[in-house]
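Walk through the structure below one step at a time.

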Amino acid sequence: MSGHPKETVEAKLGLLDYKKAPETHIHIKDASPAAPCVERCQDKPCVKICPAKVYEWEEAQKKVLVAYENCIECGACRMLCPFDNIDCDWPAGGFGVKYRYG
Amino acid sequence: MERPIVEQRAVLATEDSFVSVACRSRKFLEGVPNAFTILRTPFDRWYAKKAEEAGAELYAGVTVRGVVKDGERIVGVKTSEGDELSASVVLACDGVNSMLAQKAGLRPELKPSEVALGAKEVLELPAEKIEDRFALEKGEGAVMELLGSTSLGMLGYAFLYTNKDSLALGVGCKLSDYQKKGLRPSEHLEALKKHPAVRKLIEGSKTVEYSSHLIPEGGLHSMPPLARDGFLVAGDAAQMVNAAFREGSNLAMTAGRLAGETVAEAKAKNDFSRAALSTYEEKLRACYLMPDLEEVQDLEAAIEAVPDFLEFYPRLACDLARLRFTVDGQPKREHMKAAWAMLRERGLLRMARELWPLRKAL
């Protein structure tokens with residue numbers, strides 16, 4: 001939790017227990033240079049809204065980076081993507097976020 | 001179980017004022033208490049244990065990846081480990097995202113307008129402080145919902161619940177509204193913490209957990225077909241949430257029980273076809289569940305048809321109430337005139353029209 005004012009998403013995520021899966025459970029279906037993320041998606045709701053800041057737009061590489069290990073498994077991204085370009089299933093059994101309170 | 005609820009409070013809020021309506025009654029606690037606060041992790045463990053005691057077998061730590069089909073019939077599930085489990089009936093209770101209902105072809109992906117996105121924090125606070133701040137007897141609990149400026153122009157509400165030695169503070173608004181506004185729910189939650197109706201109640205507490213969850217709020221309009229051959233859906237997976245009365249857990253538990261009874265009857269007849277399983281829907285209609293969802297099915301659309309609904313009416317309530325309690329040397333008659341002027345400005349007929357759909361939520 002060090003280095004973050006306590007109201008940031010990073011600090012909030014720092015409170016959580018995760019068991020990081022070896023593989024991502026989130027896939028950008030089309031991550032090619034012709035992907036809708038590059039030109040057509042202006043708002044990038046996945047980047048703006050995801051409550052765990054899983055998605056980040058990397059301007060240099062012109063692609064969405066996915067920090068799947070931050071995911072708190074709400075599922076909103078699938079519906080948020082205006083181009084239906086996010087495939088977010090559950091992490092494999094036993095992996096992912098573990099809520100102590102829930 | 002955290003606390004049995006003795007008081008339920010609704011707060012109508014503007015940025016700097018609020019009017020609250022609270023109902024506190026010892027009657028809520030008589031016999032089996034009317035409602036409890038719970039924390040899902042310990043509650044789910046307890047509830048699963050109850051199921052095990054009743055004879056269920058529990059496989060934890062396994063993710064179900066899809067359904068196994070034999071023609072049109074669902075005959076089991078596939079796990080993330082690659083195993084296949086066979087079943088006479090698969091009952092999908094996998095929550096709002098219900099990948100199972102989707103993979104079984106019962107419904108398409110949900111739309112952002114059919115779900116609310118909620119963000120919540122668990123705030124640690126000693127039990128005595130909670131009881132002092134909410135004026136509670138030892139061990140008893142209170143819940144409050146906030147409507148108005150706290151939803152920042154979006155459709156939704158905020159809540160503050162008392163647990164044993166923590167508070168649950170959260171926001172929930174339509175996902176499409178967050179999308180339009182470009183607001184992250186964590187920021188919304190931070191704004192809520194500063195509201196005068198909340199700030200002093202949570203002061204000095206320590207955030208111990210942050211979480212986010214979708215809530216299916218499409219109601220009956222978004223409910224998928226509930227049965228197919230060898231398959232049933234219950235709970236959030238079937239959109240069984242009554243947002244107007246913020247009920248969901250009770251609906252899910254009722255539906256789970258009725259689905260279980262349906263499967264037991266099907267097993268007795270050795271018929272797991274859709275037709276045999278359709279008695280599930282009849283059972284849901286015969287209890288409170290479907291009738292309640294029918295009552296409130298058009299409420300959200302009616303509120304959304306008045307774009308400033310959650311801004312205007314809480315402000316009106318605050319303005320009228322403040323006028324009622326203001327001592328300023330003016331004759332009360334002048335206050336009354338000012339109050340009527342406020343109401344006439346909106347138009348009495350218009351207000352009657354706008355508020356009429358709310359009768360379903362009373």
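**From loops to interface**

A:Lys44 is partly exposed, with 17 other C-beta atoms within 10 Å. The cut-offs behind that word are simple: a residue is buried if 20 or more other C-beta atoms lie within 10 Å of its own, exposed if 12 or fewer, and partly exposed in between, with C-beta atoms placed from the backbone. A:Lys44 is not a glycine, yet its phi is positive, about 50°. Its place is the loop between β2 (26-28) and α2 (45-49) of chain A. Such helices (H or I, at least four residues) and strands (E, at least two) are DSSP runs, numbered from the N terminus.

A word on the source: this is a predicted model, where local features need pLDDT of at least 70 and side-chain atom pairs count only at pLDDT 80 or more, while totals for chains, interfaces and linings use all residues. Residues are numbered from 1 along each chain as its sequence is written, and chains are lettered from A and ligands numbered from 1 in the order in which they are written.

Chain B has a positive phi to show as well. B:Leu152 is not a glycine, and its phi is about 55°. Is B:Leu152 buried or exposed? B:Leu152 counts as buried, with 20 C-beta neighbours inside 10 Å. It lies in the loop between β9 (141-148) and β10 (156-162) of chain B.

Follow that loop into the strands. β9(B) and β10(B) pair in the antiparallel sense over four bridges; strands pair if DSSP finds at least two bridges between them. B:Val143 stands opposite B:Tyr161 of β10(B). On to the next partner: seven bridges join β10(B) to the antiparallel strand β11 (residues 166-174) of chain B. There, B:Ala158 has B:Val171 in β11(B) as its bridge partner. Three residues separate β10(B) and β11(B), which form a hairpin. β10(B) is mostly covered, with six of its seven residues buried.

Now step back to the whole chain. Chain B is divided into domain 1 (3-26 + 115-216), domain 2 (59-109 + 223-287) and domain 3 (301-361). These bounds come from an automatic or database domain assignment. The C-alpha centres of domain 2 and domain 3 of chain B lie 45 Å apart.

Last, the interface. 36 residues of chain B are in contact with 29 residues of chain A, contact being C-beta atoms, placed from the backbone, within 7 Å. On the chain B side, β12(B) gives the largest share, eight residues.

How values were computed. Two residues are in contact if their C-beta atoms, placed from the backbone, lie within 7 Å.
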